Amino acid sequence: MNEFVESRLRVKRKVLVVDDETINLKILEKILSSDYDVLLSDNGDEALKIIRNNKDTLSLILLDLLMPGTDGFSVLQILMSSTELKHIPVIVLTSETSAEVQSLKMGAADFIPKPYNVPEVILARIGKTIQLFESINIVSATQNDELTGLYNRDFFMEYAGVIDQYYPDTEMDAIALNINRFHIINELYGRAFGDSLLGMIGSVVLDHILDKKGIACRYNADGFFIYMPHSDDPEELFDSLVKGISGELSEAGSRIRMGIYQKADKNIDLHKRFDSALLACNSIKGDFDKHLAYFDSSMHEQETHRERLAGDMEKALAEHEFIVYYQPKYNVRGEVPLLSSAEALIRWKHPEFGMISPGEFIPVFEKNGMIRRLDRFVWREAARQVAEWKRKYGIIIPVSVNVSRIDMMEPGFVEEITGMLKECGTDPGEYMLEVTESAYTEDSDRIIEIVNDLRKLGFMIEMDDFGTGYSSLNMLSSLPIDVLKLDMGFVKNIHENEKDLKMVELIMDIAEYLDLKVVAEGVEHEEQFRLLKDIGVHIIQGYYFSKPLPGEEFEKLIKERTEAGK
Ligand code: C2E
Ligand code: CA
Ligand code: CA
């Protein structure tokens, strides 16, 4: 236990009992006096004076609700609205359930029902509350997130740990909550709107958890954690959120998603429990029909599977299990769509699991750094392919490759990729690099420097997954990029959701202003294609035209184009 707490534990705590009935004061004094230094008051006004005079030494207030004159509710309200006094825990003394709930909502720490039959229970309750609040008050400095009124992350974790310590037998749910596309909302609708949205979420969350004895924090810009006693109806929280703010959210083309780790295993580190809730939350990031996901053991199994993949990578490279596919991109600005370029996408033909999609293994390799070797393999293969098509068909089909943030941070990256191209006989102008939006925001200065160098050498830079990261539209104008690649999420419902269409139109306007080309990917239907073409999108990539293809099959498309004389 913390030293501070320990030192506090050695002195006799001061407790104030407020009740207008003398008999009650007498009973409580008798119960408490051997363990506590007890102050007594029979009315609200005097109690407030005593509290103010003892604000730094008072450990707890036992407060009767029904009193003539200034009653317990008024005292409670005054305490809770005072920054100086609200750190002192209040346990209310009640005889009716409705008052219990109301006082808890008002900020009381707990309640003790009258009459006082079992002194041990009263003592235990008081002891727990005092310990809990003392541990919490240690970290009082910057505990609150100003915008939402919820706790900040550090304080939240500390508090959650204290709850675990004092209520080891209460089953708890760890919940992660996230807003889709929050940053772009901020940019398009203004910070004030974004802030008010966060504020609203904060107050709905607070409303929901207060009488359930939960706690909540904002753990990053648009993410919230909740820790509360297990609920059999977690959708209830989601429903109240949706009721509270869905209007504003859908107005902005966004939505909330929630990941829940129910009855979180207390043997697991607290941070890991919230990682699991986040894992569940992020598992539905790209799934626009799902709002809620539960963490379960299958997610643990996935973890094991991922470890297996990491272990297999070395051998897979040696045995040529990785294959580069090419997905065509079409220029749709003219009358007929014209095959213009391609994106190189890796595939893994695993001897046991069959074809594995990169969505499964890239995140693993990004985490353990193996992505560097894999990407170098893809880049070389793509460079070789561009040179081969040039030689065979006299046509340049620029290929874009995906570049992870870790690739770029590697010393000598620029020299390496230019050297590689040279060896293959491909010019930087025939090669494009896709850098995700999030890479730009994580190490922006360094990344911008490197990307500037690359552009000077003739490389074209595409910002991938635009709209999911954190770059501001203002920042866009200073970022060295040539092309914006819209995140697939925008395209997905564009034909059904007017808000999404509006969003893309807005982005198009900005892109035009900044003289950037726009690529839309994930285009599957004729309708999506038409709309995007009409809005003025330059390049389209998606199943509507073709899935990613092995080199030989892609070649057929090139042949078609050359035979048509284009
Ligand atoms: P990404 O860079 O956003 O690539 C686009 C993904 O969308 C590809 O998934 C592509 O097959 C898929 N896609 C294309 N058209 C459609 C469509 O019409 N509908 C739908 N539903 N999907 C479509 P893929 O190949 O599974 O790759 C997933 C992600 O893995 C890529 O997302 C990229 O982030 C990463 N990745 C793939 N290859 C590489 C690589 O060589 N290096 C690195 N670092 N990452 C890679
Ligand atoms: Ca990409
Ligand atoms: Ca993408």
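Which residues in H16 meet Ile-450, Asp-453 and Leu-454 in H18? They are Phe-413, Val-414 and Ile-417. The model is predicted.

## Helices H16 and H18

Helix H16 covers residues 413-424, and helix H18 covers residues 444-456. The two pack at an angle of about 30 degrees. Their axes are 10 Å apart. Angles under 35 degrees count as roughly parallel, so H16 is roughly parallel to H18. The crossing of H16 past H18 is right-handed.

By class, five residues of this contact are nonpolar and one is charged. No polar residues take part in the contact of H16 with H18.

The structure holds 24 aromatic pairs. One of them joins Trp-379 and Phe-413. The pair is edge-to-face, with 65 degrees between the planes. Centre to centre, the distance is 5.6 Å.

This pair links distant parts of the chain. Trp-379 sits in helix H14, residues 371-393, while Phe-413 belongs to helix H16. The two residues are 34 residues apart. Phe-413 also takes part in the contact of H16 with H18.

## Helices H14 and H23

H14 also packs with helix H23, which spans residues 551-563. The angle is about 40 degrees, and the axes are 12 Å apart. This crossing is right-handed.

From H14, the contact takes in Gln-385, Glu-388, Trp-389, Lys-392 and Tyr-393. They meet Gly-551, Phe-554, Glu-555, Ile-558, Lys-559 and Thr-562 in H23. By class, the contact of H14 with H23 has four nonpolar, three polar and four charged residues.

## The five-stranded sheet

Five strands form an open sheet. Their order is E2-E1-E3-E4-E5, and the pairing is parallel. Strand E2 (37-41) and strand E5 (110-113) stand at the edges. Each has a single partner strand, so one side of each is left without a neighbour in the sheet. Neighbouring strands are turned by 20 degrees against each other on average, direction ignored.

Strand E1, residues 14-18, pairs with E2 over five bridges in the parallel sense. Val-15 has Val-38 in E2 as its bridge partner.

## Helices across the sheet

Helix H4 (residues 72-80) lies across strand E3 (58-64) and strand E4 (90-94). H4 runs at about 150 degrees to E3. Helix H5 (residues 97-106) lies across E4 and E5. H5 runs at about 160 degrees to E5.

Key. Residues numbered from 1 in each chain as written. Chains lettered and ligands numbered in written order. Predicted model: local features only at pLDDT ≥ 70, side-chain atom pairs only at ≥ 80, totals over all residues. Heavy atoms only, no water. Axes fitted to C-alpha atoms, helices over the stretch in contact; angles between N-to-C directions. Helix = DSSP H or I, 4+ residues; strand = E, 2+ residues; numbered from the N terminus. Parallel < 35°, antiparallel > 145°, perpendicular 65-115°, else oblique. Left-handed = near helix turned anticlockwise from the far one by under 90°. Contact = heavy atoms within 4.5 Å. Nonpolar A, V, L, I, M, F, W, Y, C, P; charged D, E, K, R; others polar. Pairing = 2+ DSSP bridges. Phe/Tyr/Trp six-rings, centres within 6.5 Å; stacked < 30°, edge-to-face > 60°.
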